[in-house]
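Open the model in your viewer and keep the sequence panel beside it.

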Amino acid sequence: MRQSHQLPLVGLLLFSLIPSQLCQSCVVSEKDYSHLRLLISAMDNLEQIRGIYGASILLSQRLARIQNPSLEEELSQRIQDDMNRRDMSNLTSGQLALIILAFGACKNPDVRFIHDHHLVEKLGEKFKEEIKNMEIHNGNPLTNYYQLSFDVLTLCLFRGNYSISNVTHYFNPENKNFNLSGHFSVDTGAVAVLALTCVKRSISNGKIKAAIKDSDTIQKYIESLVHKIQSEKNGGLFGNAYSTGEAMQALFVASDYYQNESNCQETLDAVFNNISQGVFRLPIAAAQILPALLGKTYLDVNKTATCPQSPVNITDEPVPVVPTLSPENISVIYCVKINEISNCINITVKNGSVFLDVMKAAQEKNSTIYGFTMTETPWGPYITSVQGIWANNNERTYWELLSNNKSLSQGAGNYVVKNGEHLEIRWATY
Ligand code: CBY
């Protein structure tokens with residue numbers, strides 16, 4: 001081929017490389033793959049992954065292009081069995097959205113399940129129920145804005161039914177639902193940015209019809225949410241370690257923050273530090289951070305794209321070190337606080353016990369004051385009631401976990417208690 005013919009080809013090649021490089025401006029380099037292997041092996045812990053809760057793990061596996069066919073198959077089967085077992089009305093909107101994203105990510109046979117079971121149409125219905133609940137219950141959805149954001153994101157990616165006017169009306173960043181317990185929820189804001197970015201792109205490429213003013217409004221919302229996420233910068237993290245993966249995704253698609261190499265390194269260093277400390281040991285925690293570390297976002301879920309193999313090989317996983325604990329007992333104070341009235345008890349438990357062990361020990365001593373109920377979530381047990389007083393989404397009430405008067409960033413099943421600590425479960429509003 002003569003040189004004059006080669007030049008346009010080289011230009012075309014360079015041009016086609018530019019957008020992908022822009023998107024992948026903050027990706028873990030090969031020398032740091034050991035951190036990723038730790039996350040991948042955390043996601044492999046099948047005992048901790050029940051039924052439909054495997055959706056987040058499957059989604060992450062597929063986005064990160066981890067080729068582990070037997071795990072994928074097992075997760076997919078568990079989700080399908082669980083869905084066939086339970087009534088569709090038992091699924092929350094966000095759970096259904098995550099299942100669609102997981103089944104629809106990359107070209108894979110699960111896509112048929114989405115169509116055969118009309119999952120996208122059902123999600124559209126569930127989104128409507130969320131809106132209806134807000135109309136009846138003082139602006140409070142059935143679930144929360146984290147899930148509503150997943151709903152819009154999924155309906156947008158899979159061309160389901162949602163109205164632009166609902167999006168512009170309800171996703172105003174000043175809406176109270178972006179705050180949990182008086183603070184901006186980075187996790188929620190980040191998924192909302194992804195959803196709004198998808199909607200904005202659908203408007204500009206003509207997939208959905210909207211007035212110019214709606215498109216401008218959505219752009220303003222995105223900018224405001226990105227600003228709020230950046231205001232929650234905490235060292236290299238955004239919010240805390242668990243919200244950082246989704247915050248990174250939002251910043252990838254809606255800001256030029258990671259075009260700056262030092263911003264990227266700062267986040268990666270903070271995340272690596274947390275990985276080494278075992279912060280992402282839960283499969284769900286690992287699943288929520290992994291895609292961003294490979295430069296992927298939930299917007300990359302695309303029915304027509306195949307998923308080539310990840311550059312991270314998973315054959316030589318290191319065995320995570322389990323710290324040895326001394327066998328002694330430790331003592332803590334545990335209080336149940338309702339409207340400024342506290343009931344406290346001294347509890348002795350084995351070293352290495354978690355908050356939930358303390359609650360169980362207290363319940364055995366006095367079930368009237370310390371009796372509680374819980375439900376399973378991918379993050380471990382969620383406390384639903386104490387003394388027969390139930391958390392209620394319509395009233396934005398819940399049971400908050402605290403240690404030495406500070407709100408905890410882990411749930412009851414994972415927070416390891418320390419000797420002399422003052423633990424509290426408080427009736428609170430978010
Ligand atoms: N998932 C959801 O719907 C959950 C969305 C989420 C924003 C989620 C955090 C974010 C995520 N990345 O998954 C969320 N939590 C919400 C919405 C809520 C509220 C739930 C009620 C509702 N309206 O749906 C509520 C009540 C405000 C809440 N979380 C409470 C709690 C506390 C639970 C205490 C209890 N009663 O058991 C607790 C422990 C905070 C406290 N100190 O009391 C809590 N949440 C924590 C710590 C967390 C983080 C978990 C981290 C961990 N390692 O365990 C969290 C990741 C998460 C799960 N909550 Co909420 C936030 C964070 O720290 N970054 C979708 C669905 C399909 O699965």
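**Aromatic stops**

Select Phe238, Phe252, Tyr257 and Tyr258: together they make up one aromatic cluster. Rings of Phe, Tyr and Trp (its six-membered ring) pair when their centres lie within 6.5 Å; planes under 30 degrees apart are stacked, over 60 edge-to-face, and the rest tilted.

A word on the source. This is a predicted model, in which local features need pLDDT of at least 70 and side-chain atom pairs count only at pLDDT 80 or more, while totals for chains, interfaces and linings use all residues. Residues are numbered from 1 along each chain as its sequence is written, and side-chain values use heavy atoms, with hydrogens and water left out.

Searching the whole structure gives 15 aromatic pairs. Go to Tyr145 and Phe171, a stacked pair with 5.4 Å centre to centre and 25 degrees between the planes. What does this pair link? It links distant parts of the chain, 26 residues apart: Tyr145 is in helix 8 (residues 145–157), Phe171 in the loop between helix 9 (164–170) and strand 1 (179–180). Helices (H or I, at least four residues) and strands (E, at least two) are DSSP runs, numbered from the N terminus.

Colour by accessibility. Tyr145 is buried, at 1% relative accessible area. Phe171 is buried too, with a relative accessible area of 1%. Buried means under 20% relative accessible area, exposed over 50%, and partly exposed in between (1.4 Å probe, protein chains only).

Next, select Tyr242 and Phe280. This aromatic pair is edge-to-face, 6.0 Å centre to centre with 70 degrees between the planes. Tyr242 lies in helix 12 (residues 241–254) and Phe280 in the loop between helix 13 (261–276) and helix 14 (283–293), so the pair ties together parts 38 residues apart in sequence. Both Tyr242 and Phe280 are buried.

Move to strand 10 (residues 397–403). Buried residues number 7 of the 7, so the strand is largely enclosed by the rest of the structure. In a regular strand the side chains alternate between the two faces of the sheet. Both faces of strand 10 are covered: Thr397, Trp399, Leu401 and Ser403 are buried on one side, Tyr398, Glu400 and Leu402 on the other.

Now show strand 12 (residues 422–429). It pairs with strand 10 in the antiparallel sense over 7 bridges; pairing requires at least two DSSP bridges between two strands. Ser403 stands opposite Leu423 in strand 12.

Ser403 also stands opposite Lys406 in strand 11. Strand 11 (residues 406–407) runs antiparallel to strand 10, joined by 2 bridges. Finish at Asn404: in this hairpin, with 2 residues between the strands, Asn404 takes a positive phi near 45 degrees.
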